[in-house]
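Dear colleague,

I am handing over the structure we spoke about, and below it you will find notes on what came out of the analysis. Please read the notes alongside the coordinates.

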Amino acid sequence: MQRYFALDMAATRFARNTLVASLIGLLPLLFLYVALSPGFAAQLMSGGPALGRFLRQVLTNGLPVVFVVNYLGFFLFAWAVDRNPRGRGRALVLLFDLPMRVVFFLILHAVIYTVSADWFGSFGGSRLTALRVVAPTLAQSALFQNLSGVYLYATLVSALPLYVAAIERPDRQGRLSRRFPGRTGPVLAALALFGLFAMLL
């Protein structure tokens, strides 16, 4: 991960890598959501206003949210590694990354919903209505029942490589590395952390 996200990296390269990681996390979940929604794929295939609204929602809401949250998470990882290359600082990533992602996910949704009310006339053009629907919308997103659920889990899935890198200690082999071959131990631990947080959501 340090090859792709480091503090001494050019800002444009860091942003490009973040965009690639965001698309890798977002697109499969987006296709899964469309496939699991009865009639949604056929509606999009027919084109017209439905497809336009869908693409606008993804490009003005989904991708920016996933990108910004991932950028913050990757920056936290790069900062932790830079502060303590031997690995102890990486515990900060495991402690703060997931809560940080959820908090900024909520904040960004509130901001984007308000802006959408102004720019596109969404929510009847009312900022207050836009803010009122944030909480119930995000409550459904935890259950993967709307597009916001796609964006939420895309940000969480994108973090999995960070947790594998944070769990792996460059200075010594931990218990997980001794009990499992290769990188299996850190990968399983990262998946367990992700699963626990998903259940808490």
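Asp118 is partly exposed, because its relative accessible area is 41%, where buried means under 20% relative accessible area, exposed over 50% and partly exposed in between, computed with a 1.4 Å probe and protein chains only. Asp118 forms a salt bridge with Arg127, the closest N and O atoms being 3.0 Å apart; the term stands for a side-chain nitrogen of Lys or Arg within 4 Å of a carboxyl oxygen of Asp or Glu. Arg127 is partly exposed as well, with a relative accessible area of 49%.

Before going further, please keep in mind that this is a predicted model, in which local features need pLDDT of at least 70 and side-chain atom pairs count only at pLDDT 80 or more, while totals for chains, interfaces and linings use all residues. Residues are numbered from 1 along each chain as its sequence is written, and side-chain values use heavy atoms, with hydrogens and water left out.

The structure holds 2 salt bridges, and besides the pair described above there is one between the side chains of Arg101 and Asp97, at 2.6 Å from N to O. As a general point, side chains of opposite charge can pair when their charged atoms come close. Arg101 and Asp97 both lie in helix α4, 4 residues apart, which is about one turn of the helix, and both are buried.

As for the overall fold, the chain has 10 helices and 0 strands, helices (H or I, at least four residues) and strands (E, at least two) being DSSP runs that are numbered from the N terminus. Buried residues make up 42% of the 201 residues in the chain.

His109 is placed in helix α4 and counts as buried, because its relative accessibility is 0%; the C-alpha atoms of His109 and Leu138, which are 29 residues apart along the chain, are separated by 8.7 Å. Leu108 also has its place in helix α4 and counts as buried at 17% relative accessibility, and from Leu108 to Val69 the C-alpha to C-alpha distance is 8.7 Å, with the two residues 39 apart in sequence.

On the surface, Val103, Phe104, Ile107, Val111, Val115, Trp119 and Phe120 form a nonpolar patch with about 650 Å² of accessible area together. Patches are made of residues with over 30% relative accessible area and no salt bridge, like charges being joined within 9 Å and nonpolar side chains (Val, Leu, Ile, Met, Phe, Trp, Tyr) within 5 Å, and accessible areas come from the Shrake-Rupley method with a 1.4 Å probe, where for residues only the protein chains shown count as cover.

The largest pocket has a volume of about 310 Å³. A pocket here is an open set of points on a 1 Å grid over the protein atoms alone, where a 1.4 Å probe fits and protein lies on both sides within 12 Å along at least five of seven lines, and lining residues have an atom within 4 Å of a point; grid points are joined across faces, edges and corners, and a volume is the space filled by probe spheres set on the points. Of the 15 residues that line the largest pocket, Arg56, Gln57, Asn61, Ser122 and Phe123 are the closest to its centre. The elements that give two or more residues to this lining are α3 (48-83) and α4 (91-119), and α3 gives the most, with 6 residues.

Finally, Phe144 has a positive phi of about 60° although it is not a glycine. Phe144 lies in the loop between α6 (134-141) and α7 (147-158), and is partly exposed, with a relative accessible area of 21%.

Best regards
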